Amino acid sequence: MLNLIWFFLLASGIVVAALNGHVEVVTEAALEAAKGAVKVCFDLIGIMALWLGIMKIAEKAGLIQSLARLLKPFLRRLFPSVPSDHPAMGAIILNLSANMLGLGNAATPFGMKAMQELQELNRDSPEASEAMCTFMALNTSCITLIPATIIGIRLAFSSANPTEIVGACIFATSCAMIIAVSLDYWFRTRSHWGRKN
Amino acid sequence: MLLNILTTISRWAIPLLLLLIPVYGVCKRIPVYETFVEGAEEGFYTAVKIIPFLVGMMVAISVFRASGAMDYLVRAMMPVMIAIGAPPEVLPLAVMRPLSGSGALGLATELMRVYGPDSLIGRLASVMQGTTDTTFFVLTVYFGSVGIKKFKYAVITGLSADVTGLIASVYICNLLFK
């Protein structure tokens, strides 16, 4: 699936550029993007180090496990393949809470920690596990209670009511989340992708 | 009122996290600084591990955008947008949203600058921006950080959530703000 999308994006871009007679934009776009990607990763290093450090304290102090235990009944249904006291659960909760609060830069390190824990349960397979897919479904459709960036932009353009969109955002993400979780459940239990082979 | 509560929460969330977690650690008699450093060490490796995945994805998306291929996709999707009752001006944002976070933010800002944040288009752009996530970035970075190469059905699930979010945004904005 991803192979197909990646190939489509790249190939259709080059073909369109060639047909429009400006194939050279491909060169510049590709090289600039490659450089830009490394820059994004380097900017991430410091933020990752900070939050993974804090996360380690939370983990050693047992905070992550207590969080996991607190939301056990809810998480057990979503992640049947993960033991309910597993640290992955705590990291997932931290990631989703950071997402809800609109703390994007804290959410990413927590999410990666969760992925690492899930990958251990997945025995380092190069193929995504069911739990990872469920986590991604929750993560990409997660409700943001405080869309801080967008409120900031609305404020900057002197909106009469910068926060009036919050309710609408919550409605729309809730719809997206319901669909994502249901689809994930369907794939996991009904489709050939879900079965272990 | 709501704005005050929200800005207070966003101002306090990170300082409080940075305070409360170490406080809890101290109470549990954890050597907090040593433990912090031990965890922080992983930050570098994790960030570096994502590089190949992110280069691959960002190059493809950037070529797709810069070549004008994205504009064709936008034009091809126009009837769909009109069918769900969306103003066609927001379509580029809808296509950009799952691909690039900074690209989408740029488009949303531009829509609000041109049409005003309190117009239907400005409000719809805000809701769309606040609704779904940059699915491709999230999948690339999260799966990349642990070396997953086969994403299975996660792509379809993520994109379905994006489409649902878009339709729901258009519906609720037409209902509330038209």
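Chain A falls into two domains, domain 1 (1–61) and domain 2 (62–197), with bounds that come from an automatic or database domain assignment. This is a predicted model, in which local features need pLDDT of at least 70, side-chain atom pairs count only at pLDDT 80 or more, and totals for chains, interfaces and linings use all residues. Residues are numbered from 1 along each chain as its sequence is written, while chains are lettered from A and ligands numbered from 1 in the order in which they are written.

Taken over C-alpha atoms, the centres of the two domains of chain A are 22 Å apart. Eight residues of domain 1 are in contact with nine residues of domain 2; contact requires C-beta atoms, placed from the backbone, within 7 Å. On the domain 1 side there are seven nonpolar residues, no polar ones and one charged. Here Ala, Val, Leu, Ile, Met, Phe, Trp, Tyr, Cys and Pro count as nonpolar, Asp, Glu, Lys and Arg as charged, and the others, Gly among them, as polar.

Next, the two chains. 89 residues of chain A are in contact with 88 residues of chain B. Which helix gives the most to the chain A side? That is H2(A), with 25 residues. Helices are DSSP runs (H or I, at least four residues), numbered from the N terminus. Other elements giving two or more residues include helix H1 (2–19) and helix H9 (166–190) of chain A. By class, the chain A side has 64 nonpolar, 19 polar and six charged residues.

H2(A) also packs against H6(A), at an angle of about 60° and with the axes 9 Å apart. The axes are lines fitted to C-alpha atoms over the stretch in contact, and angles run from 0 to 180 degrees between N-to-C directions. From H2(A) the contact uses A:Ile47, A:Met48, A:Trp51, A:Leu52 and A:Met55, and from H6(A) it uses A:Asn105, A:Ala106, A:Pro109, A:Phe110 and A:Lys113. These residues divide into eight nonpolar, one polar and one charged.

Last, helix H6 (residues 120–131) of chain B. Its 12 residues reach 16 Å from first C-alpha to last, close to the 16 Å expected at 1.5 Å a residue, where the expected span is 1.5 Å times one less than the number of residues. Why is H6(B) described as largely enclosed by the rest of the structure? Because 11 of its 12 residues are buried, that is, with 20 or more other C-beta atoms, placed from the backbone, within 10 Å of their own. Among them are B:Arg123 and B:Gln129. The buried residues pack against H8 and H9 of chain A, and against helix H4 (91–96), helix H5 (101–115) and helix H8 (154–177) of chain B.

Methods. Contact = placed C-beta atoms within 7 Å.
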